Amino acid sequence: MAGTAAGGSRRSRLAPYLLVAPGILWLLVFFVAPIITLAQTSVAVPDGPWWNGFQRALGNYGTHFFRSFRYALGATLIALALGYPLAYVIAFRAGKFKNLLLGLVVLPFFTTFLVRTFAWKTILNDGGPAVWLLQQVHLLGAGGRLLDTTVAVVGGLTYNFLPFMILPIYVSLEKIDRRLVEAAEDLYSTPIGAFRKVVLPLSLPGVFAGSLLTFIPAAGDFINAQLLGSPNQQMIGTVIQNQFLEVRDYPLAASLSFVLMAIITIGVLAYARVLGTEELA
Amino acid sequence: MSRRESDPRDDELHAFLRRAVDRRGFLQRTALGAGGLVLGNSLLAACVGKEGAKAGAADSAAATASSAGKTLRISNWPLYIDKQTVADFEKATGIKTEYTEDINDNAEFFAKIDEPLKRNQSIDRDIVVLTDWMAGRMIQLGYVAPLDDSKFPNKANLVDSVKDVSFDPGRKYTVPWLSGMTGIGYNPKKTGRELTSINDIFDPKFKGQVTMLTEMRDTIGLVMLGLGKDPTTATKADVEAAAAKIKKARQGGQIRKFTGNDYAEDLAAGNIAIAFAWSGDIQGLAADNPDLRWIAPKEGAMLYSDNMMIPKTSDRQDLAMAWINYVYDPKHSAQIVAGAPYLSAAKGTGAELAKIAPELASSQLVNPPDELRARLHVFRALSDAEDTEFNRIFQDAIGA
């Protein structure tokens, strides 16, 4: 066998592999294996050709897919509109309150997703405070409601995924070198110009990551639509859940999952190209 | 114990229950058929189903070995018991009991426990309560441990009419928990008038203020009755007609939600005016909402029965038997019915109930008068293929 020196270099060559091994193993067990099982399920059609599930998934659920992406897009845009200014304030203006504000952003995670969404049911009740307030300012008619409407579902999605928008944007803003902003101002840039030409472009990776972290889970979510929506607001996640649990049409449910994944993957690739982020390429 | 063996009120009820159960004419099928079509991956399910049946019998013998000091775990539907019985049972037997109201929908609950039971794994429950048709499926798949009659002396109290049901001849695996009716629950303050008809739920005046159930047999059955069709003889065309009506109402915004037991929250919170509702639930809400009302519509109502059974993988079957025996004492059964006004299958419950809650003992909820009994229907027994087909039609109608 080779001497100790050779052994040492072999060890250093092996080190990267050893470091990624747990991650790879995890992905194999919890990502690749389920995907294979899901693929098998999607084509295990008992009473027809193997593509039967896909045919029905593509043929009958266009409305649900379209609705899911619309809601997810809506939630992402609202989250961006709410999250960017907040992240900006935390990164640049919060001073000693920075950690407190960050803590508040993360605080909702201390209770589960499901409980928080149930809480919204109570808040948005027909006899609840939100409806009363909106009726007082005449934004909502006398017979109007919030619960079981599109507003409630998109609102719920926004609420649940907002921290995933704020945190990546905050991180990308935080690491911007302040001297670049000062340099822009020294070169007679207005504050708005400095933001537009310096801060905004440098924060785009955060916006990119944040919008993906919001959009992807929102598109596949089923809890918000189920708890806060009427039957006319059901999203594709609800359909998949129902096909798995109620109808137990496994091939259709698995096919729907694959179609959802495919559409999201294509969408993400297109988005990555448009925003041109090298980090993800 | 001093109970009158034959209360006339009871006899009447029992004859009636028998009629309901006989109507089912459950299709006898092998375990092979039972898992197959519904699951999609038929071969796997069928194989495991058959093995499961054998393993189930073997397990149950071994299972009773030692459950001393363990907790009895019961899963039941919400609003289906009084507040005292679990505590009384614990005191009387010394068995620590965890009573969970986590069954909201038969199919959904089955989907949760199907995989582990198929693999012969524990589902961390010792008693589950499921509706007749689902109880039949569970037995055929070999998921249920037989009841140990030596630990069940109160089985003598089981009313004659339900001793021999088609899905479980001789009641070897299951006994009824309670039976109930599916009709209309409503809030007269919100409707502004009394309701009498199923079709009131389609009144445009109540747009966005009504809910229906996710249980296919209940919702399709009621809408069929509203259309003048009989669910006892439901055909595919009947189901399609009912589904089309539901779909149209759903798309038009008439129907706010399809629910399990959770319609109760919406009704109590005042979010909805009318719901397809189970007969005893409204009573449970009455403490906070004395206005709420349940009716069996003039066109008819649906009748169903929910059954206790012991999953084959339970390692505490003697504890489960203690519970089953306990609740078949008419005194205890009456106490349960006093809190959850449904129909009991324990003889003598009526007489005991008359002692503790006389006004309830004569209520239509626990003892339907003849006129009401004549209007109750049981959804026809479906083959697995029909069940899948009807469910597809129904799921499309409810937009899921």
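Among contacts in chain B between residues at least 6 apart in sequence, 79% join residues at least 24 apart. Here, two residues are in contact if their C-beta atoms, placed from the backbone, lie within 7 Å. Keep in mind that this is a predicted model: local features need pLDDT of at least 70 and side-chain atom pairs count only at pLDDT 80 or more, while totals for chains, interfaces and linings use all residues. Residues are numbered from 1 along each chain as its sequence is written, and chains are lettered from A and ligands numbered from 1 in the order in which they are written.

Let's stay with chain B for a moment. Of its 400 residues, 55% count as buried. Buried means that 20 or more other C-beta atoms lie within 10 Å of a residue's own, with C-beta atoms placed from the backbone.

**A well-covered strand**

Strand β3 (residues 127–131) of chain B has five of its five residues buried, so it is largely enclosed by the rest of the structure. On one side sit B:Ile127, B:Val129 and B:Thr131, on the other B:Val128 and B:Leu130, and all are buried. Its pairings are listed below; strands pair if DSSP finds at least two bridges between them.

| Partner of β3(B) | Sense | Bridges | Example pair |
|---|---|---|---|
| β1(B) (residues 72–75) | parallel | two | B:Ile74 and B:Ile127 |

**Cores**

The largest nonpolar core has 101 residues, and A:Leu256, B:Ile184 and B:Ile274 touch the most other members. A nonpolar core is a set of buried Ala, Val, Leu, Ile, Met, Phe, Trp, Tyr and Cys residues joined through C-beta atoms within 7 Å. Helix α7 (residues 150–174) of chain A gives the most to this core, with 13 residues. Apart from it lies another core, of 58 residues, with B:Leu117, B:Val128, B:Ala145 and B:Trp323 among them. As for B:Ile274, if you leave aside its neighbours within four places in sequence, its contacts include B:Ile184, B:Tyr186, B:Leu195 and B:Phe206.

**Domains**

The bounds used here come from an automatic or database domain assignment. For chain B it gives domain 1 (8–180 + 304–389) and domain 2 (182–302). There, 21 residues of domain 1 are in contact with 26 residues of domain 2. The domain 1 side of that contact divides into twelve nonpolar, four polar and five charged residues. For these classes, Ala, Val, Leu, Ile, Met, Phe, Trp, Tyr, Cys and Pro count as nonpolar, Asp, Glu, Lys and Arg as charged, and the others, Gly among them, as polar.

Chain A is assigned domain 1 (1–43) and domain 2 (62–280). Their centres, taken over C-alpha atoms, are 34 Å apart. Four residues of domain 1 of chain A are in contact with six of domain 2 of chain A.

**Where the chains meet**

Chain B brings 26 residues to the contact and chain A brings 23. On the chain B side, the elements that give two or more residues include α2 (31–39), α5 (106–118) and α17 (384–397). β7(B) gives the most to that side, with four residues. By class, the chain B side has ten nonpolar, eleven polar and five charged residues.

Methods. A residue is buried if 20 or more other C-beta atoms lie within 10 Å of its own, exposed if 12 or fewer, and partly exposed in between; C-beta atoms are placed from the backbone.
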